[in-house]
Amino acid sequence: MESGSAIAAATYVQKGGVGKTTSAAHIAVAASQEHELNVLLVDLAGTQNDLATHFGIAGEVTDLDAPISAVFGDQWDFIRENIPDVVDRMVFETGEGPDLIPADQGLSGADNNLANVPKEERYDIFEAFLRDELADRYDFVLLDLPGKEDNIAINGLYAVENVITPLRPGAFERTQLDNLDEDLDTLADAYPITPRLALVLPTMVDRRTKLAEEFIEEINDSYPDVVGPSIPSTANISTLQDAGKTLFGVDDDELYASGREAREAYREATTEFISRIQ
Amino acid sequence: MSDDDQQKAEELLQQSGQQRRHETEPSAPERERDLKEAIKEALADIESGDRHSNVTFRDDRYAALFAALGETGHLTGLSEQALDRLDQDDADGDLGARATAIKLLVKIGLEEVDAELIETFERAAREHVQESSDFSL
């Protein structure tokens, strides 16, 4: 649960299009604004820099002079030793509270290179970075991980114990819902990690549909202890994402009712999550 | 910490961000050509007429099934269910057409089996459009 003094968690699910990155952004902002935590988001989810886009800073991070992928390389210790401000140079302000370490184009190559690192040294690289460089600076470090079982994702899961899994109605069959825990158990059997499902978040929920109603019932049956409030489907999220903001980045009168409900749900989910793991 | 070391460290730092999957030392299964680039090349080939734009498979039973679905008016409903499942508003085609229904069902299948693949596919398609329009400017 903790690395040094920081709470460490990751958004992770082996499924795309379920609101993983959106949930990471909103939970991070809620933790910062509502709980006054010093929050860092780390985008390890690929090379698309979706989190930077979410905060309207994609233009600032296209040509990074201190990429996070360096951490996974065998020269990191030398880099760290000789560039005292290298971590500071990785970090960007989102403008909504949390800081962000964006993804970079080198992550896919770094993932590939990790395959050549001996297994016993392969998975604890990011954990060391989190512990040595981030834990003293932040109260809450939230990783957005790739939606697959690659070496970067396993590094992230090694570094945290708490996993936040967003699920969208229609994207999962009942059996897959039941298998979420098993997926984490399977990973824990295969790798030296101990991830714990700490928050299951139903996203993009349109309560007017029978599908959503059934989905919420099923998810509550499957995960009664960790299911969070449903995040309603709202056009505000994608519109604001294009504008580089979260729901927390605008005033009430700029949101539809669904947008205000979604923001409140993220707020509640974050409070539940933090109280659960502290 | 000498100036030389600092300069060397800066070079290594910059190189980290420039490493690409296809340029890093791969493990055996990962020597395949980058999928996204392959999709973009295939899209360009299709646009220039160098590659067919149809996807086919031969199967008597499925051929019979889809013929029957079309003849009994079930294809539109099937396409609508598929759209719901994909959370899409439209299908870029006639919902009652066999090709539209199969295309949607293939997408559902790919999402189920490998959601990353769909993301890569959509990213490749977006980049292809972007690069094509950049090129034409």
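**Close-up views of a predicted model**

**View 1. The lining of the second largest pocket.** In this predicted model, the second largest pocket is lined by 33 residues, and Ser53(B), Val55(B), Lys103(B), Val106(B) and Phe121(B) are those nearest its centre. Here a pocket is an open set of points on a 1 Å grid over the protein atoms alone, where a 1.4 Å probe fits, with protein on both sides within 12 Å along at least five of seven lines, and lining residues have an atom within 4 Å of a point.

**View 2. Elements and residue classes around the second largest pocket.** Helix 2 (35–47), helix 3 (60–71), helix 5 (98–113) and helix 6 (115–136) of chain B are the elements that give two or more residues to the lining, where helices are DSSP runs (H or I, at least four residues) numbered from the N terminus. The largest share, eight residues, comes from helix 5 of chain B. By class, the lining has 20 nonpolar, five polar and eight charged residues, with Asp, Glu, Lys and Arg counted as charged, Ala, Val, Leu, Ile, Met, Phe, Trp, Tyr, Cys and Pro as nonpolar, and the others as polar.

**View 3. The contact of helix 7 with helix 8 in chain A.** Ile125(A), Phe126(A), Glu127(A) and Leu130(A) of helix 7 of chain A meet Asn155(A), Tyr158(A) and Ala159(A) of helix 8 of chain A, contact being heavy atoms within 4.5 Å. This contact has five nonpolar, one polar and one charged residues.

**Numbering and confidence.** Residues are numbered from 1 along each chain as its sequence is written, and chains are lettered from A in the order in which they are written. Local features need pLDDT of at least 70 and side-chain atom pairs count only at pLDDT 80 or more, while totals for chains, interfaces and linings use all residues, and side-chain values use heavy atoms, without hydrogens and water.
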